[in-house]
Amino acid sequence: SRSINLAVIPGDGIGQEVVAEGLKVLSAVLPQDVKLETKEYDFGAKRYHATGETLTDADLDSLKRHDAILLGAIGDPSVPSGVLERGFLLKLRFAFDHHVNLRPSKLLPGVATPLAGQPEIDFVVVREGTEGPYTGNGGTIRKGTAHEVATEVSVNTAFGVERVVRDAFARAQARPRKKLTLVHKNNVLTFAGHLWTNIFNKVAEEYPEVTTDYIHVDAATIYLVTDPGRFDVIVTDNLFGDIITDLAAAVSGGIGVAASGNINPTREFPSMFEPVHGSAPDIAGQGKADPTATVLSVALLLRHLGYDAEADRIDAAVAADLTERAGQPARSTSAIGDALAVRVAG
Ligand code: IPM
Ligand code: MN
């Protein structure tokens with residue numbers, strides 16, 4: 001019989017609340033014959049304050065043994081900026097080689113957007129997840145002086161760029177519109193930009209059915225607001241992808257519905273699924289957080305593990321729930337989770 005062995009990391013703030021609802025919906029959608037095993041991990045601010053640790057080698061060994069990881073959010077104002085970001089989230093993404101950071105944006109009916117009208121938005125950003133300026137490759141000299149110099153080197157390898165570009169082409173090929181846009185800044189970042197552009201053009205030859213396009217990242221932020229319908233699949237580097245996916249979330253319903261997957265397509269290590277939003281300490285513990293982004297991340301998780309029908313049921317349940325939500329008074333975190341669980345089961 002089938003089974004899913006899931007590592008659960010609720011984390012800090014609203015992470016606890018939204019993950020509970022994600023698991024509720026996951027249990028409701030799985031067929032009887034699929035055995036769901038979960039193991040909860042206590043990473044985050046509390047563990048850091050108690051032990052000084054963020055993520056140890058032993059933790060990584062333990063996490064490795066799961067089929068996938070569901071993460072709520074990590075981060076708290078009591079921990080200095082950068083400690084949990086580098087010490088937990090980025091460490092995990094790098095250790096498990098999560099090179100495909102998948103961030104879909106779809107404006108569903110009934111969902112408010114700050115854009116004029118109700119534009120068609122249905123694209124997915126394939127953000128490189130293990131390279132670029134995120135590698136921690138840099139340094140400071142003459143620290144604290146008026147002549148301090150800080151470098152933050154963007155690392156781009158042919159191997160790393162090619163594998164994420166290939167993944168993006170395969171995703172574009174599988175979608176009805178079959179369009180792939182490379183977003184970079186190759187007019188200024190000429191070393192990395194040319195590597196990306198050359199590899200993109202080379203792989204494009206293997207995908208004659210995919211329409212390709214190149215846009216500088218600054219221009220891409222304009223189009224995301226003025227003409228988001230032009231995008232189908234976007235491939236871009238780690239930092240550009242971080243920035244444009246927050247904008248993408250803002251125009252397609254906000255971070256309450258933005259889901260993501262940190263994917264290792266080789267399956268050598270488990271992939272990790274998380275809402276794009278953070279721990280939102282200002283509203284934590286009040287039942288105000290929208291668990292929809294986590295529930296949609298559970299759908300990405302199921303799709304990654306091959307449970308396509310169950311993922312489709314979650315997507316449909318969310319679409320129906322969002323349509324019903326429009327114009328109604330706000331519901332609590334658990335009320336939204338309950339409604340989604342009923343829909344996916346029925
Ligand atoms: C995200 C976050 C992280 C990132 C931070 C918290 C390290 O902003 O998942 O988008 O920059 O990748
Ligand atoms: Mn971000």
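**Helices 7 and 8.** I began with the packing of helix 7 (residues 217–226) against helix 8 (residues 238–251) in this predicted model, and I found their axes 10 Å apart, at an angle of about 10 degrees. That angle makes helix 7 roughly parallel to helix 8, since angles under 35 degrees are counted that way. I then listed the residues that meet: helix 7 contributes Val-217, Ala-220, Thr-221, Leu-224 and Val-225, and helix 8 contributes Phe-240, Ile-244, Leu-247, Ala-248 and Val-251. Sorted by class, this contact has nine nonpolar residues and one polar residue, with no charged residues.

I next looked up the "binding site" feature in UniProt, where an unreviewed entry lists Asp-218, Asp-242 and Asp-246. These residues are spread over 29 residues of sequence, yet they cluster in space, with a largest C-alpha distance of 14.0 Å. I placed Asp-218 in helix 7, the helix that packs against helix 8.

**Helices 5 and 6.** I turned to helix 5 (residues 158–173) and helix 6 (residues 190–204), whose axes come within 9 Å and cross at roughly 45 degrees. The two helices are therefore oblique to each other, and I noted their crossing as right-handed. From helix 5 the contact takes in Ala-158, Val-161, Glu-162, Val-165, Arg-166 and Phe-169, while from helix 6 it takes in Leu-195, Trp-196, Ile-199, Phe-200 and Val-203. I counted the classes here as nine nonpolar, no polar and two charged residues.

**Helices 9 and 10.** How do helix 9 and helix 10 lie relative to each other, roughly parallel or roughly antiparallel? I found that the axes of helix 9 (residues 292–304) and helix 10 (residues 308–325) come within 7 Å and cross at roughly 160 degrees, which makes helix 9 roughly antiparallel to helix 10. Their crossing is left-handed. On the helix 9 side I listed Thr-292, Val-295, Leu-296, Val-298, Ala-299, Leu-302 and Arg-303, and on the helix 10 side Asp-308, Glu-310, Ala-311, Ile-314, Asp-315 and Val-318. By class, this contact holds eight nonpolar residues, one polar residue and four charged residues.

Last, I checked the domain record: an unreviewed UniProt entry annotates residues 5–340 as "domain: Isopropylmalate dehydrogenase-like". Over that span I noted 40% helix and 20% strand, with the end C-alpha atoms lying 22 Å apart.

Key. Residues are numbered from 1 along each chain as its sequence is written. Chains are lettered from A and ligands numbered from 1 in the order in which they are written. This is a predicted model: local features need pLDDT of at least 70, side-chain atom pairs count only at pLDDT 80 or more; totals for chains, interfaces and linings use all residues. Axes are lines fitted to C-alpha atoms, for helices over the stretch in contact, and angles run from 0 to 180 degrees between N-to-C directions. Helices (H or I, at least four residues) and strands (E, at least two) are DSSP runs, numbered from the N terminus. Angles under 35 degrees count as roughly parallel, over 145 as roughly antiparallel, 65 to 115 as roughly perpendicular and the rest as oblique. A crossing is left-handed if the near helix is turned anticlockwise from the far one by less than a right angle, and right-handed if clockwise. Two residues are in contact if their C-beta atoms, placed from the backbone, lie within 7 Å. Ala, Val, Leu, Ile, Met, Phe, Trp, Tyr, Cys and Pro count as nonpolar, Asp, Glu, Lys and Arg as charged, and the others, Gly among them, as polar. UniProt positions are given in the numbering used here, feature names are shortened, and annotations may be inferred rather than shown by experiment.
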